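Subject: Handing over the structure, with notes

Dear colleague,

I am passing the structure on to you with this email, and my notes on what was found in it follow directly below. Please keep it open beside the text as you read.

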Amino acid sequence: MQFFKAHRTRLHRTTAIQINNKNSRAAEQNCLSLLHICKSPSALHQLHAHILKLGLQNNPLVLTKFTSTSSDLNAIHYATSFLFTGDSNPRLYDTFLFNTVIRAYSQTKDSRHYGLCTYRFMLEIGVLPNKYTYPFVLKVCAGLGEFSLGQLVHGSVLKFGLHDDLHVQNTLVHMYGCFDGGIEMARKVFDIMTESDSVSWSAMIGAYVRWGRSSEAVELFRRMQVSGVSPDEVTMISVISACSDLGAFELGKWVESYIQREGIQKSLDLFNALIDMFAKCGSIDEALRVFRSMSERDIVSWTSVIVGLAMHGRGVEAISLFEEMKQVGVTPDHVAFIGLLTACSHAGLVEEGQRYFNSMAKRYGVVPLIEHYGCMVDLLCRAGLVKEAVDFVEKMPIEANPIIWRTLISACRAHADLKLSESITNGLIEKEPFHESNYVLLSNVYAKMSLWDEKYRIREMMEKKCIGKTPGSTKIELDNEIYEFVAGDKTHKQYKEIYEMLDEMGRKMRKAGYIPTTTEVLLDIDEEDKEDALNRHSEKLAIAFALLRSPPGSPIRIFKNLRVCGDCHTATKFISEIYDREIVVRDRNRFHHFKDGACSCKDYW
């Protein structure tokens with residue numbers, strides 16, 4: 001009898017546990033279903049109470065779904081306040097739950113550091129990370145800009161033996177590629193990978209583009225094609241950006257046809273990248289063609305074309321497109337107005353620029369930023385309205401930045417108000433004692449005033465402070481290669497032929513009426529030496545090389561890293577007519593299209 005009684009007791013207990021387990025699973029599934037359809041913070045709060053009522057506050061599956069839902073509702077802080085309270089028991093949590101928290105924080109803008117805190121806590125309580133943990137942690141390090149922390153996390157990856165996982169390796173490449181000093185480490189990780197996919201290649205190519213090493217990005221893309229890995233949309237956006245940076249129009253055209261041929265999805269971002277690339281490579285008409293072919297456009301599409309038209313000096317068309325954008329219901333933003341005001345500035349449309357600037361806040365609710373004020377100062381200065389520009393700066397509701405002051409200095413120098421230039425520049429040097437442009441501007445002002453001793457004193461000051469002047473250089477794309485020239489360059493293997501072509505160009509230009517603008521040479525040397533110095537400018541070397549190497553009558557596209565000088569601008573007009581070439585010049589500020597002896601800027605730049 002005793003045996004049967006004991007057996008019945010055990011049977012009752014087993015049945016009760018089974019019933020409780022069954023009820024627990026039902027409650028768990030009920031919570032998961034409710035969390036799946038949760039769409040608001042108020043519903044999330046109700047579910048929080050529901051979870052507590054059912055006693056599921058330490059259930060990893062429910063808490064993971066709760067965290068994921070909270071992240072979708074931008075309420076990750078609310079979730080962690082529930083997960084890590086005094087009543088909780090995190091030691092019952094699993095790796096998947098911690099990964100979900102870290103991932104949620106990695107997707108925020110201002111709370112990424114909590115992702116690292118969560119990772120540290122996870123290790124402290126003995127929850128082991130897995131191959132899904134580290135992509136999120138490394139993404140946090142990249143977002144925070146913490147290179148040294150990224151290296152420490154890389155050490156942990158090696159410690160836990162997860163360094164051979166493809167996704168971890170891809171994120172390591174991305175993380176290191178986010179730091180200027182980390183790109184070599186990114187390449188080292190990339191090179192030792194035993195397998196790779198489009199994400200691997202895209203991460204490395206993107207890193208090169210991010211840090212201005214676009215030639216290496218293009219070279220790596222060529223290697224990718226040989227490797228047999230098919231590029232995706234992300235890869236192609238990076239390659240297009242590299243073309244933009246290099247000014248590689250022919251390569252950009254090939255990339256567009258490659259995308260079409262390979263059937264790569266043309267997303268909105270890819271279309272926008274193509275618009276930007278063609279505009280920056282000197283063909284705004286190609287950019288417009290891509291824009292008009294799009295079935296869907298966003299504000300970036302419109303502003304890319306408006307900014308492109310501005311760079312090419314086609315102000316009237318930029319205004320027309322801005323008005324068209326408004327008509328189709330797209331509200332202009334800060335960037336659209338920067339493009340619009342820049343277009344007015346480069347085209348000399350002073351009244352139109354002033355009207356649009358005054359309408360920004362009143363009509364569109366866009367409060368002008370320092371960039372918009374800078375556009376207005378540039379607009380007035382380019383039009384020769386220096387006094388009006390000074391008055392405008394003095395009445396600005398926000399303090400002028402150094403860029404605005406440097407714009408005024410250049411305008412004062414161009415219009416012979418050298419004393420004001422000197423005064424403003426000296427003030428800038430006090431505020432920015434290590435900015436090279438301030439010293440170069442003051443040096444040039446003294447050269448214009450023929451105060452050579454003062455000019456050399458400024459140069460000596462730069463040397464003592466180890467401040468270097470950015471050398472002028474010009475790039476040109478020919479036969480799928482990028483060539484770069486500096487003034488007086490003799491490093492090219494064809495330099496003898498190039499200099500012979502320069503001499504031929506000089507003879508033909510003088511015969512056509514060209515007179516060198518020796519005032520552009522800010523050196524204390526005689527006129528003949530000044531003419532010789534002008535003849536060796538990098539722009540002329542690049543054009544001479546193009547005349548030697550490209551078919552007669554074909555367009556020439558060159559890219560100058562600084563503002564094109566007045567003499568080179570005049571000379572290029574003559575060259576375009578003498579050799580019957582269209583010559584497109586991109587400098588630091590805008591594009592110049594030379595054809596039949598005239599420039600698209602109408603000598604207004």
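Is Lys508 buried, partly exposed or exposed? Lys508 is partly exposed, because its relative accessible area is 38%, where buried stands for under 20% relative accessible area, exposed for over 50% and partly exposed for what lies in between, with a 1.4 Å probe and protein chains only.

Before going on, please note that this is a predicted model, in which local features need pLDDT of at least 70 and side-chain atom pairs count only at pLDDT 80 or more, while totals for chains, interfaces and linings use all residues. Residues are numbered from 1 along each chain as its sequence is written, and side-chain values use heavy atoms, with hydrogens and water left out.

Salt bridges

Lys508 forms a salt bridge with Glu504, with 3.4 Å between the closest N and O atoms; the term stands for a side-chain nitrogen of Lys or Arg within 4 Å of a carboxyl oxygen of Asp or Glu. Both residues belong to helix α27 (residues 495-511), where they are four residues apart, about one turn of the helix. Helices (H or I, at least four residues) and strands (E, at least two) are DSSP runs, numbered from the N terminus. Glu504 is partly exposed as well, with a relative accessible area of 23%. Elsewhere, salt bridges that share partners bring Lys253, Glu256, Glu286 and Arg289 together in one network.

Another salt bridge joins Arg457 and Glu454, whose closest N and O atoms are 2.8 Å apart. Because these two residues are three apart in helix α26, about one helical turn separates Arg457 from Glu454. As background, an α-helix has 3.6 residues a turn, so residues three or four places apart point the same way. Arg457 counts as partly exposed at 36% relative accessibility, and Glu454 is also partly exposed, with a relative accessible area of 28%.

Arg314 and Glu317 form a salt bridge too, with their closest N and O atoms 2.7 Å apart. Arg314 is partly exposed at 24% relative accessibility, and Glu317 is partly exposed with a relative accessible area of 36%. Over the whole structure, the search finds 21 salt bridges.

Helix α25

Helix α25 (residues 436-448) has 13 residues and should span 18 Å at 1.5 Å a residue, which agrees with the 18 Å between its end C-alpha atoms; the expected span is 1.5 Å times one less than the number of residues. This helix is mostly covered, since ten of its 13 residues are buried, among them Asn438, Tyr439, Leu442 and Tyr446. The buried residues of α25 pack against α23 (402-414), α24 (418-431) and α26 (452-464), where contact means heavy atoms within 4.5 Å. After α25 comes Ser450, which has a positive phi, near 60°.

His593 lies in strand β5 (residues 591-595) and counts as buried, because its relative accessibility is 19%. Its side chain makes a polar contact of 2.7 Å with the side chain of His312; such a contact is a pair of N or O atoms within 3.5 Å, and within protein one must be able to donate a hydrogen and the other to accept it, while residues adjacent in sequence count only if both atoms are side-chain atoms. Leaving aside neighbours within four places in sequence, the residues in contact with His593 include Gly282, Glu582, Val584 and Cys599.

Asp596 is found in the loop between β5 and β6 (598-599), and has a positive phi of about 55° although it is not a glycine. Asp596 is exposed, with a relative accessible area of 54%. Asp580, in the loop between α30 (566-578) and β4 (583-586), has a positive phi of about 50° and is not a glycine either; Asp580 is exposed, with a relative accessible area of 53%.

Charges over rings

Arg557 lies over the face of Phe249, at 4.0 Å from the ring centre, and the charged end of Arg355 sits over the ring of Tyr356, 5.3 Å from its centre. The rule asks for NZ of Lys or CZ of Arg within 6 Å of the ring centre and within 35 degrees of the ring normal.

With best wishes
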